[in-house]
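Hi,

Here is the structure I promised to pass on.

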Amino acid sequence: MRNSLRKRRDRFGLAALAIYLTLSLIIFGRGLARNPNGSYVGLTADPSVYMWFLVWWPYAIAHRLNPFVTNLLWAPGGFNLTWTTGIPLAGIVAAPITACFGPVVAYNLLCLIAPALAAWTAFMLCWRIASRFWPALVGGYIFGFSAYTLAEIRAHLLLILIFPVPLAVILVLRRLEAEIRAATFVPLMALLLAASFLLSIEMFATMTFFGAIALALAAVLGPDENRRRIYALLPQLAISYLIVLALASPYLYYFFQPGFPRSPVNSPAAYSADLLNFIVPTPANALGTLGALPSISHRFAGAVVETGACFGLPLLAIAVIFVRTHWTEMRTRLLFWFIVVAMLASLGPRLHLAGIELFGLPWKLIQHLPLINNALPGRFTMYAFLGLAIVAALWLASDAPTRSAKLASVAAFAIFLLPNLSARFWVAPVDLPAFFTDGDFRRYLAPRETVVILPYGAGGPSMLWQAQSAMYFRMAGGWTSIMPREFESWPIVNAFLYRSYIPGFTDQLMAFLTHHNVSTIIIGDRERQLWEPLMAPLHPTPIEAGGIELYSFAPADLAHWRLVTALEMERRCDAARFDALLIAARKYLASGGDLDRLSPRRAESMGLLPVHSTNEAAVRTSNGLFLGALDGGLVGVGVVGSIDALRPVIAKYRGDAARIYFPYPREFTDPPRGDTFMRQLVIAFNRDGLARASTKAVP
């Protein structure tokens with residue numbers, strides 16, 4: 001009888017997996033059907049990073065390289081890969097597919113499988129708790145195809161490989177209910193934790209954090225017997241973690257090397273869930289494309305791939321009904337408080353409502369904890385979705401609601417959680433020139449030659465181009481979330497990243513190439529119109545091949561710049577950019593321009609700044625310029641730089657300034673407080689001070 005029941009459950013489990021895989025193919029895979037190697041699931045340049053790692057891990061193992069550091073990126077100094085999103089387990093498991101079909105196909109397959117696996121493991125958890133197939137199937141869908149998944153699948157593969165989370169809950173439940181012995185639990189939990197660690201350190205950290213919260217809640221809310229079981233479980237969990245930490249010790253050794261990021265890579269406040277997003281969908285959901293909803297969701301904090309907090313009114317309503325009906329049950333109170341904690345944490349350190357930042361929240365204190373401080377709060381909605389999936393399954397499996405009420409609720413879930421129905425929404429074309437796919441790079445580049453690729457870094461697919469070449473060349477660049485400070489200090493890198501003009505472009509470029517042993521610049525066809533005029537004074541005749549353009553430099557071409565330092569080039573650039581902004585502000589006001597409308601973009605449009613000085617309309621731009629009105633009718637003029645490079649600017653204009661801010665908006669003190677590397681300097685002038693200062697500026 002038991003074997004018959006097990007076979008029946010296994011068949012149902014496989015059927016659920018097949019259903020989820022089919023849904024994933026229909027939702028995300030339709031746009032890939034015609035050309036799976038010519039398009040990818042995603043939106044931004046981030047997927048190219050994961051494609052790179054799918055090649056890197058088998059490449060490093062096959063060539064007996066240290067997999068944690070490489071000089072293929074940010075050459076010649078290299079980069080510590082433990083500080084970025086490495087997905088080693090996915091890279092190793094997908095190695096046969098990557099070798100046979102390339103990194104694009106391997107990446108696409110992982111993107112299609114990940115939601116189905118997450119839904120399947122959540123289904124198994126819901127089935128265990130609710131003991132009914134169809135309610136569990138709905139619960140699995142709520143978790144695996146949640147708004148969180150719909151947002152993250154377009155950029156962050158590691159954040160949708162979340163199938164270990166429900167499995168960890170199942171394992172803990174089985175141990176608490178004495179279905180497995182400690183001798184079985186410890187190695188299985190260690191294996192699961194290790195898999196989580198090797199897929200995403202962020203998931204490992206957040207799973208540990210929210211797992212601890214769940215156990216604490218269970219201990220507080222449950223009877224004495226439950227509390228004793230949890231206390232007995234803690235040493236077993238500790239042993240599992242010790243095993244994982246021992247296995248991961250080589251990784252951790254490199255992770256904690258000097259220079260690793262001590263503060264969040266991205267701002268937790270900028271990537272927190274918006275309270276309105278709990279009920280207002282983004283265009284990732286079909287409903288989010290209707291009426292005025294896109295204009296509302298556009299205001300939410302964070303990028304479009306980080307706004308996955310829409311739980312939907314029906315799901316929240318069912319959760320409220322279930323909690324009110326079953327409040328006397330310990331598991332209901334546990335689920336309620338866990339969901340509340342996860343939702344509150346997802347709001348981050350400050351409350352955002354329709355994009356407006358309001359008062360502080362509890363996460364402002366929690367974010368100071370190590371490891372968890374690098375996690376972005378908006379991603380915690382994944383845990384709230386897991387709790388809500390269990391609640392939905394329990395409600396659908398209970399006897400209280402009528403059959404029609406259950407059908408109506410499932411229909412409401414389907415409507416409010418329905419993904420965007422456009423196949424094009426989920427995929428983007430791969431920018432992969434024939435130069436790399438046809439092997440032409442071997443004709444023009446020497447093995448391990450160092451190149452610069454434009455578009456640069458996060459602005460383009462350079463990581464994929466290198467991966468497609470099987471790591472044939474090195475790059476004085478890359479896209480690893482964190483940029484080495486040595487590269488940040490070169491003004492030309494800022495120009496590359498933001499596709500903007502800087503004074504003395506030729507000297508800046510040649511000095512950078514010299515100090516990084518670069519002998520070739522590769523420019524994609526889409527970038528030629530921007531960069532060709534700036535490359536023209538360099539004199540080398542470009543070579544056109546396979547959809548790219550190459551500029552090659554001999555050592556003799558670069559000899560003149562060997563003694564120039566990055567600090568000297570930064571001082572030149574900061575001084576020239578500040579003077580250009582200062583003169584532009586004086587001319588603008590002298591012509592009767594409205595101070596409140598002044599910005600770098602407006603000055604550029606009036607011919608007061610060179611073309612491509614900035615590509616943004618704001619007063620404060622991402623490429624470091626500041627030009628506009630400040631309080632009290634003052635004119636703010638600013639650039640980004642390190643304090644050593646900016647001191648000459650401060651000294652030159654200090655006597656004419658009304659106020660000096662560094663790092664902006666903090667008033668300048670000498671020595672300045674806080675981090676002084678590549679921070680914003682803004683000098684505020686009244687109109688008389690501006691007139692005096694402009695006479696010192698060099699046109």
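First, the ground rules. This is a predicted model, in which local features need pLDDT of at least 70 and side-chain atom pairs count only at pLDDT 80 or more, while totals for chains, interfaces and linings use all residues. Residues are numbered from 1 along each chain as its sequence is written, and side-chain values use heavy atoms, with hydrogens and water left out.

Let's start with Leu-509, which sits in helix α25 (residues 505-515); helices are DSSP runs of H or I, at least four residues, numbered from the N terminus. Leu-509 is buried, at a relative accessible area of 0% (buried means under 20%, with a 1.4 Å probe and protein chains only). Leaving aside residues up to four places away in sequence, Leu-509 touches Ile-492, Phe-496, Ile-521, Met-535 and Leu-538 (contact means heavy atoms within 4.5 Å). From Leu-509 to Phe-496, 13 residues apart along the chain, the C-alpha separation is 9.8 Å.

On to the helix pair. The axes of α24 (residues 491-498) and α25 come within 8 Å and cross at roughly 105° (axes are lines fitted to C-alpha atoms over the stretch in contact, with angles from 0 to 180 degrees between N-to-C directions). The two helices, α24 and α25, are therefore roughly perpendicular, the label for 65 to 115 degrees. On the α24 side the contact involves Pro-491, Ile-492, Val-493 and Phe-496, and α25 brings Phe-505, Gln-508, Leu-509 and Phe-512.

Now the cavities: there are three of 30 Å³ or more. A cavity here is a set of points on a 1 Å grid over the protein atoms alone where a 1.4 Å probe fits but cannot get out, and lining residues have an atom within 4 Å of a point. Grid points are joined across faces, edges and corners, and volume is the space filled by probe spheres set on them.

The largest cavity has a volume of about 100 Å³. Its lining includes Trp-490, Pro-491, Asp-574 and Arg-577. Helix α28 (566-590) gives the most to that lining, with four residues.

The second largest cavity comes to about 70 Å³, and among its lining residues are Tyr-148, Glu-202, Arg-379 and Tyr-383. At least two residues of this lining come from each of α10 (201-221) and α17 (381-397), and α10 gives the most, with three.

Cheers

Notes
Buried < 20%, exposed > 50% of the residue type's maximum accessible area, 1.4 Å probe, protein only. Parallel < 35°, antiparallel > 145°, perpendicular 65-115°, else oblique. 1 Å grid on protein atoms, 1.4 Å probe; cavity = no way out; pocket = protein on both sides within 12 Å on 5 of 7 lines; lining within 4 Å.
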